[in-house]
Structures are given as structure tokens and as C-alpha cells.
Amino acid sequence: MNEQEFKGKLNQAKGKLKQKYGDLTDDDLKYADGKKDELLGRLQEKTGKTKEELEKEIKNM
């Protein structure tokens, strides 16, 4: 999934991610262009999932 696709999917999925992983904050879900890996790293720390698992989950939301 490229940066643009990821950003669009993430915008749609933010609420669902916060519901599923209650300890996620708005700061955790901030996305800056070119910072996809940084965001996925934050999500990995909070959820314990791999980068690939998170990308797939976001894509399928």
C-alpha cells in the first residue's frame, strides 16, 4: 500500500482503531506525510502487532 492509499485508509479507520485499541490517542494516530513508518512503529508499540498486520488491518477497515 503506498503512502497516499495508507493516508486515505487511515483517515477512515482512526475511529475504529481507537475503539478496538482503547489506549490509542489522537497523538498516536497523527500522520505526517512521509512518516508512515513512524506511525506504524507507534501503533506496533501500543498493539503488539507487526507492521504488516497493521497495514492489512487498516486496509480492510
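Select lysine 18 and aspartate 26: their side chains meet in a salt bridge, with N to O at 2.5 Å. The term salt bridge denotes a side-chain nitrogen of Lys or Arg within 4 Å of a carboxyl oxygen of Asp or Glu. The model is predicted, so local features need pLDDT of at least 70 and side-chain atom pairs count only at pLDDT 80 or more, whereas totals for chains, interfaces and linings use all residues. Residues are numbered from 1 along each chain as its sequence is written, and side-chain values use heavy atoms, with hydrogens and water left out.

Colour this pair by accessibility. Lysine 18 counts as partly exposed, at 33% relative accessibility, and aspartate 26 is exposed, with a relative accessible area of 53%. Here buried means under 20% relative accessible area, exposed means over 50%, and partly exposed lies in between (1.4 Å probe, protein chains only).

Next, select lysine 46 and aspartate 28, whose side chains form a salt bridge of 3.3 Å, N to O. Lysine 46 lies in helix H2 (residues 36-47) and aspartate 28 in the loop between H1 and H2, so the pair ties together parts that are 18 residues apart in sequence. Helices (H or I, at least four residues) and strands (E, at least two) are DSSP runs, numbered from the N terminus. Lysine 46 is partly exposed, with a relative accessible area of 34%; aspartate 28 is buried, at 10%.

Move to lysine 36 and glutamate 55, a salt bridge in which the closest N and O atoms are 2.9 Å apart. This pair links distant parts of the chain, with lysine 36 in helix H2 and glutamate 55 in helix H3, 19 residues apart. Lysine 36 counts as buried at 7% relative accessibility, and glutamate 55 is buried with a relative accessible area of 15%. A search of the whole structure finds eight salt bridges.

Stay with glutamate 57, which is found in helix H3 and counts as buried at 11% relative accessibility. Leaving aside residues up to four places away in sequence, glutamate 57 touches Leu17, Lys20, Tyr21 and Lys49. Contact means heavy atoms within 4.5 Å.

In helix H3 (residues 51-59), select lysine 51. Lysine 51 counts as partly exposed, at 30% relative accessibility. The side chains of lysine 51 and aspartate 37 are joined by a polar contact of 3.0 Å. A polar contact is a pair of N or O atoms within 3.5 Å; within protein, one must be able to donate a hydrogen and the other to accept it, and residues adjacent in sequence count only if both atoms are side-chain atoms. Beyond residues up to four places away in sequence, lysine 51 touches Asp37, Leu40 and Gln44.

Now select phenylalanine 6, in helix H1 (residues 3-20). At 0% relative accessibility, phenylalanine 6 counts as buried. Its contacts, not counting residues up to four places away in sequence, are Met1, Tyr31, Lys36, Leu39, Leu40 and Ile58.

Finally, select residues 5-56, where UniProt places the feature "domain: CsbD-like" (unreviewed entry). UniProt positions follow the numbering used here, feature names are shortened, and annotations may be inferred rather than shown by experiment. The end C-alpha atoms of residues 5-56 lie 12 Å apart, and the span is 65% helix and 0% strand.
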